[in-house]
Amino acid sequence: MNLVNIKDVLTSFSPALDYLALSTGDGRIKIWDTVKGQVQTEFADIASAEETNIYTNGGKGHLSVDYTCMKWLSLERKKKRKLGTSILVLGTGGGDVLALDVASGQLKWRISDCHPGGVNAVSSSTKASCIYSGGADGMVCEIDPHSGNLIRKFKASTKAVSSLSVSPDGKILATASAQLKTFKCSDLKKIQKFTGHPGSVRCVAFTEDGKYILSSAVGERYIAVWKTDGAKKQSASCVLALEHPPVFVDSWGETDEKGLYVLAISEVGVCYFWYGSNVEELSNAKPTKVALATEDSSLKHHKGSLPTIFAAKLQGVLKPGSANAFVASGLLVKPSFQKMVLQFGNDLVLNASKSGILLPIAQSVSKSKKGQAVPNKVTTLDRAHAEDALLPIARVADLHETKSVQPHSSDKDTDMIDQGQADYVETFSMEDKLRSLGILKGTYEPNSLSDASVIDGIDLEAHLPPKKLKSAVLAMAPSTAFKTLEALVGMWQTRGCGGRYLLPWIYSIMINHSHYIMSQEPKNQQLLNTLQKITESRGTALQQLLQLSGRLQLVTAQITKAAGNETQTTVTEQEIDESEDEEEDDVEEHFYGEKDSDSELSSDDGKDEDDTLMEEI
């Protein structure tokens, strides 16, 4: 059984935990109702909503949008009588920052090309007085959450900013690349640096009192806890170890009164929980694990995606060592939500729901009197779980009208007869079945002259140049050209030949013999009406076919990527420029390792206050 990797999944709970925003990399944002357990709404094609011409939007659509980060926040109420609203802030790989008003289902605002090279992180304080975004350009932008106006931006790093976090009181901003930095939100003055991560930092979170920062880098199987008011050259206060790299970190409590509670989710969907009355006790604590049970026989040998924990949030403390948590688990296509009590020291194994899993057909076969195998138990996929499933049915088998002759045989030959019955089943095409039921009416009736004789001498599959095609059409007599046009339209309607072969001939005949075609009353009206209906029906399906083609390409690319991830070894960034921190003496600096191993630690920025460029917008 393969482990499921959720590092590319984006999730964000609403402030009241009544909704969950989920994106799996296909450019769509699904809003799940955590109470009802169903999709509330879905955002797709946001970036190209203003463009509707399919011929000028090559490559546009939700499949071309690459969301890289998201944050759901509640806006402050400008007026006391006015109800507060919440927005979902998103960052894209193209460098745009946009906000969705989930209640109205509309795009609230968007800043195009805010971070050239892509947006990597968005964050805000609890009160959401402003939004901060960081990107590949090393800049941090401060944005007004109500209007989307860019307030100011400054240079936080010479490298890409990979993660952001704002303290609960909204006074301190933590930025991360290969190292962590803290700034005052009021004047953007640098406060401290924390050095020691070997690669770009993925997770950053403040404790409830803002005295500690938790961080973890890509590929690291531990979480570092840093003290925000410590002295220079101080190592991390403690390190929390995991079996797999974390993708999400959350904390609750205070170091002085409630104690520290830390929650993390690893790349394989296992939840870890730590508790300590102080930092020293926290560093010695063994994590409590919360995972889904996979011992079920139907799940043990399942080769597809398996249920996992992909989102969680601490809600509050019940008593020392016990906390409430809200967890989203299951499959990404059909998640389940539950509130649970985490007791430090007691591992939990949750029951994995089978909702949305493509199970193999479990059947108990019983032999009938005639020797036919009759399945009497079938486990199938619920309609609500088969989202976006396209099942084209090319042919329909009419079993009631089937007349098959079975030769007399002994009981020993029963299996051979059953095997041969499949060859005697008479099948009908979908078009013939619809005609027999009277559903298809007004279809094209071919003339007594067969299509083959009318278009005799024309090789439809031969790609003739336009000049030769025009010469062949002009050489036809007008009456022959009209009959040929009727035959070609009939073949296109009955799908006797592909449109790419028929349409050049139809176009050329209508252009070069238009006078004769218009003179053929009333036959030309019926022919032209039929041609118009076919063209409109095929044009309506074009957009759906393009979307289907894009989805198939996306699925193929994801399968190829997943296959490559299994064989490709993880390469971490080991070479970090160390010369960037040599001149910073007035900023408190914290190291992950020993105090005397300064030259071996990675760094991020190479200049002092000159590197911090603030632009008032």
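Let me start with strand S26, residues 322-331, which is joined to S27 by 10 bridges, the two running antiparallel; strands here are DSSP runs of E with at least two residues, numbered from the N terminus, as are helices, which are runs of H or I with at least four residues, and two strands pair if DSSP finds at least two bridges between them. Please keep in mind that this is a predicted model, in which local features need pLDDT of at least 70 and side-chain atom pairs count only at pLDDT 80 or more, while totals for chains, interfaces and linings use all residues. Residues are numbered from 1 along each chain as its sequence is written, and side-chain values use heavy atoms, with hydrogens and water left out.

Within that pairing, alanine 323 stands opposite leucine 342 in S27. The open sheet has 3 strands in the order S25-S26-S27, with antiparallel pairing. Strand S25 (308-319) and strand S27 (334-343) stand at the edges with a single partner strand each, so one side of each is left without a neighbour in the sheet.

Now to the aromatic rings, where a search of the whole structure finds 11 pairs; rings of Phe, Tyr and Trp (its six-membered ring) pair if their centres lie within 6.5 Å, and planes under 30 degrees apart count as stacked, over 60 as edge-to-face and the rest as tilted. Tyrosine 261 and tyrosine 275 form a tilted pair, 4.7 Å centre to centre with 40° between the planes. Tyrosine 261 lies in strand S22 and tyrosine 275 in strand S23, so the pair ties together parts that are 14 residues apart in sequence. Ring pairs also link Tyr261, Phe273, Tyr275 and Phe344 into a cluster.
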